[in-house]
Amino acid sequence: MNSFKRIATVLALAATTLLSACSKTVQWEEEVPLNTGEAIWVKRTVVYSAQGGAGNPLDIKYRPERDEAIEFAWNGKTYRYQGDARIMLLAISPQKKPVLVARAEDNAWEARHNYPCTIPYYVQLVPDQTGNAWTWPSKIESWLYDLVPNLLLERHAPNQMKKRYSAQERQTEDYPGAVQSPSKQRIDPAFTGDLCKRKEK
């Protein structure tokens, strides 16, 4: 390795180290209309770090990290999820237990958790007795079909995120990203996902 490449490598490592130390924690509250007819407020926490763009590593901006947290209270109990699923729906099951739903392919969740191809290609997260540890069945339950997402998916720069979002504000924020994607507008029973479509070919 010549001296120029060595210096470039050292500078790249130094820049990566400095950027990884820069982060901002952003928190907000959202009004969430549940499938039971109730409405609750949930607390969201996202950590932003200085990262290069997917297509251009030199395009350094504050971007959200994969792991996010959601906290809420329902029926006298507090629940908290922290993980890499991009949660789009909070719903109450027929067994009176809150569940979280995400598209399995978002954030490459399916690859990191060895989730098999299913139709529809969503993941259903179910809490344990503590309300802090979450597991998932091999396929979402049919009672979730056609429910409308009720959690904010859109992410802006840290200084552009509001402290509180009403249900109407959330719908307005998410509309541009969902208008071309039926699987983000409702829990689509026919949603296959791009990865599973490629595997079928």
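Phenylalanine 191 is buried in this predicted model, with a relative accessible area of 10%. Buried means under 20% relative accessible area, exposed over 50%, and partly exposed in between (1.4 Å probe, protein chains only). Phenylalanine 191 sits in the loop between helix H4 (182-185) and helix H5 (194-200). Helices (H or I, at least four residues) and strands (E, at least two) are DSSP runs, numbered from the N terminus. Leaving out residues up to four places away in sequence, phenylalanine 191 touches Arg103, Glu105, Thr118, Ile119, Pro120, Tyr121, Tyr122 and Ser183. Contact means heavy atoms within 4.5 Å. Phenylalanine 191 and arginine 103 are 88 residues apart in sequence, yet their C-alpha atoms are 9.2 Å apart.

Residues are numbered from 1 along each chain as its sequence is written. Local features of the predicted model need pLDDT of at least 70, side-chain atom pairs count only at pLDDT 80 or more, and totals for chains, interfaces and linings use all residues, while side-chain values use heavy atoms, with hydrogens and water left out.

The mean pLDDT of the chain is 87, and 83% of its residues reach 70 or more. Over residues 8-12 the pLDDT is below 50, and this stretch has one contact in the model beyond near neighbours in sequence. Here pLDDT is the predictor's confidence in each residue, from 0 to 100.

The chain contains five helices and nine strands. Along the sequence they follow the pattern α-β-β-β-β-β-β-α-β-β-β-α-α-α. Of the 201 residues, 39% count as buried. Among contacts with a separation of 6 or more, 54% join residues 24 or more positions apart. The chain exposes about 11,300 Å², and carbon and sulfur atoms supply 53% of that area. Accessible areas come from the Shrake-Rupley method with a 1.4 Å probe; for residues, only the protein chains shown count as cover.

Strand S1 (residues 23-33) pairs with strand S2 (residues 39-51) in the antiparallel sense, over eleven bridges. Two strands pair if DSSP finds at least two bridges between them. Glutamine 27 stands opposite threonine 45 in S2. The S1-S2 hairpin has five residues between the strands, and glycine 37 takes a positive phi near 100 degrees in it.

An open sheet is formed by four strands in the order S5-S6-S7-S8, with antiparallel pairing. Its edge strands are S5 and strand S8 (134-135), each pairing on one side only. S5 and S6 are joined in the antiparallel sense over five bridges. Valine 99 in S6 is the bridge partner of alanine 91.

The largest nonpolar core has 36 residues, and those with the most contacts inside it are Phe72, Leu90 and Leu100. S2, S3, strand S4 (77-83), S5, strand S6 (98-103) and strand S7 (122-127) each supply at least two residues of this core. The largest share, six residues, comes from S5. Another core lies apart from it, with seven residues, among them Val26, Leu152, Met161 and Tyr165. A nonpolar core is a set of buried Ala, Val, Leu, Ile, Met, Phe, Trp, Tyr and Cys residues joined through side-chain atoms within 4.5 Å. In soluble globular proteins, nonpolar side chains tend to be buried together.

Leucine 89 lies in strand S5 (residues 87-92). Its relative accessible area is 2%, so leucine 89 is buried. Beyond four places in sequence, the contacts of leucine 89 include Val99, Leu100, Val101, Leu144 and Ile187. The C-alpha atoms of leucine 89 and arginine 103, 14 residues apart along the chain, are separated by 9.8 Å. Among the residues touched by leucine 90, again beyond four places, are Val32, Ile40, Phe72 and Leu151.

Arginine 44, in strand S2, is buried with a relative accessible area of 3%. Its side chain makes a polar contact with the side chain of glutamate 30 (2.7 Å). A polar contact is a pair of N or O atoms within 3.5 Å; within protein, one must be able to donate a hydrogen and the other to accept it, and residues adjacent in sequence count only if both atoms are side-chain atoms. A polar atom of the arginine 44 side chain also lies 3.4 Å from the backbone oxygen of leucine 152.

Glutamate 68 is found in strand S3 (residues 61-74) and is buried, with a relative accessible area of 10%. Its side chain makes a polar contact with the side chain of arginine 155 (2.8 Å). Glutamate 68 also touches Arg44, Thr45 and Tyr81, among others.
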